[in-house]
Amino acid sequence: MAEKSTYYITTPIYYPSANLHVGHTYCTVMADAMARFKRLRGYDVMFLTGTDEHGQKIQQIAEEVGDTPKEYVDRVVADIKELWSVMEISYDDFIRTTEDRHKRRVQEIFRKIYEAGDIYRGVYEGWYCTPCESFWTDTQLRNAKCPDCGREVVRAKEDAYFFKLSAYADRLLALYEEHPEFLEPETRRNEMTRFIKQGLEDLCISRSSFDWGIEVPIEEGQVIYVWLDALSNYITALGWPTVDGTPGEHDKYDKYWPADVHLVGKEIVRFHSIIWPAMLMSLGYPLPKKVLGHGWLLLDGGKLSKSKLAEAGQDKARRNIVDPVELIERYGVDALKYFLLREYTFGQDGQFTTETMLQRVNSDLANDLGNLLSRTTGMNDKYFGGVIERPVALFADGPITSAETAVDVAVDARDGELIALALGAAAKVERHMDSFEFNRALETIWELISRSNKYIDETEPWTLAKTDGDRERLGQVLYNLAESLRIVSVLIQPYLHWSSEKIREQLGLDSGAVVWGDAQVFGLEAAYRTAKGENLFPRIDIEKEFASIAEG
RNA sequence: CGCAGGGUAGAGCAGUUGGUAGCUCGUCGGGCUCAUAACCCGGAGGUCAGGGGUUCAAGUCCCCUCCCUGCAACCA
């Protein structure tokens, strides 16, 4: 037997200069959904996230609050890990660039690229703000002043090491040409192609003006500058390149590299699709299969930023919450996850407002899904004491596994329609997930939920309940609804883990035993013992909610 | 200046290779009473930013104009 297929997915490693906002959450939630989906499909998944902890900015912030950089990032990283834990982010490894396993390998990478002749010593020249001790490029300056403090900057130089990025322009263009799937969406690839054709400069990869970083292995007083350090995490976490020769050191590298997808925000597509492959080319390592750039969540038409966050706190009447911790405390993990995955089109920017999220949660989660479960279990409890057997009349030949059979076999056209839709959903979800269309995957599942709600209205179980002779049909209807909900519980499992479990609980199913193939079988359960529980998603009174948010 | 995207119903968005303009929310009307005042059905609402062109046929392809946004080497 062949080994299980592997799937390696990464998020960027976040910069812990401050706590994360809902934009970081967006990226991580997508990666988590994909990782869970692939696991459910039987892949051996490696899902990596982490933090990029070096650099001048963190050194400065730590000094301001009187901490060492390490103390400072330890605290922020603890919060980040706590957030991922609350959100049930199923990462397999969390790499911190301050960890020894990373630092030693980054130095090894530096050495190898140096030995390959792609690193040389030169002079970095830029605008320097003396009070901030920061270098800035021409375009970073604001009105020719320091963008941080607004004070004068001076032209300054320092010795530094450079990576011969310019030497890789042709090979990068060839990569995009021969493997367009390497960089998606297409618009990002167009941007990068243009960018390369404008001419690549060599990349400054070390600094001597601050010391919070990994030391350059061949010279004291220089630390490795961001990209070489940060991008390397995708292989250092897998134990590559080898530095200590311990048995099994690079097993994960052998197994999972090259990565199937680096999920990144559109603003760092350039680093992942130009610098990173160039580094790997220099090292002679295989390239990742895909870099995928997602869009941004926008707040009031602009990107999420600290100043925006401050403003957001000012507008009491319709304050937008962008702190994921607060969103989760108020509305729950699945509400946030569902909204992020359902509302936005991958690759494009989208407006984020708390009001839109609450509307989405009310209509899709409370009214459609929660209510469907409530009415189904409620009627089953009321009419059958919660116990319902698989109706022999409908499943005389056993469970149904194809939509065509469903339509042929069904005694009632509405049954056939419902069953056919339920059986076809999994394949559609798979197709949409293959192209990272989370919104469409969820849309597909919600078509089944809507059809189920409609099925209740069409079959009118409350009318059937009034006549003894209709009792058999009533049982069929409720069984079909339970089966439909069971399939929903499988389909939503990668996205709404918590809800999936709650639904299965109320249906009397084992929560731990979700198998994807079960979504392609109708009539699987021989009997249901349902028990109506608490409402999955209580309706939110949006006006009252805003009043409460304003009081804060 | 350069490069890359957008402009589609009141709001937010979909619209593969050109073939009757869709979805969600909201709104209006109706139905139902199992359910979380939820659910189901139906209606109204768009000269697809503007102009020109190609075509039997253009939201879709080509040209021009206007408006918005992103990138330009440390922002998810």
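Guide: Happy to! Keep in mind that this is a predicted model. Let's start with Arg451, which you'll find in helix 17, the stretch covering residues 438–459. Is Arg451 buried or exposed? With a relative accessibility of 8%, Arg451 counts as buried, because the cut-off for buried is under 20%. So who are its partners? If we skip the neighbours within four places in sequence, Arg451 is in contact with Arg414, Glu417, Leu418, Leu421 and Glu458. Now look at Ala422: Arg451 and Ala422 are 29 residues apart along the chain, and their C-alpha atoms are separated by 9.1 Å.

For another view of buried residues, hop over to helix 21, residues 542–551. Here Ile542, Glu545, Phe546 and Ile549 are buried. Looking down the axis of helix 21, you'd see these buried residues fall within an arc of 95 degrees, so they line one face of the helix. Glu543, Lys544 and Glu551, on the other side of helix 21, are exposed. And what covers the buried residues of helix 21? Helix 12 (324–331) and helix 14 (354–384) are included in that cover. Before you leave, check the N-terminal end of helix 21, which is capped by Asp541: one of the side-chain oxygens of Asp541 lies 3.2 Å from the backbone nitrogen of Glu543.

How values were computed. Residues numbered from 1 in each chain as written. Chains lettered and ligands numbered in written order. Predicted model: local features only at pLDDT ≥ 70, side-chain atom pairs only at ≥ 80, totals over all residues. Heavy atoms only, no water. Helix = DSSP H or I, 4+ residues; strand = E, 2+ residues; numbered from the N terminus. Buried < 20%, exposed > 50% of the residue type's maximum accessible area, 1.4 Å probe, protein only. Contact = heavy atoms within 4.5 Å. Arc of directions from axis to C-beta. Polar contact = N/O pair within 3.5 Å; in protein donor to acceptor, adjacent residues only side chain to side chain.
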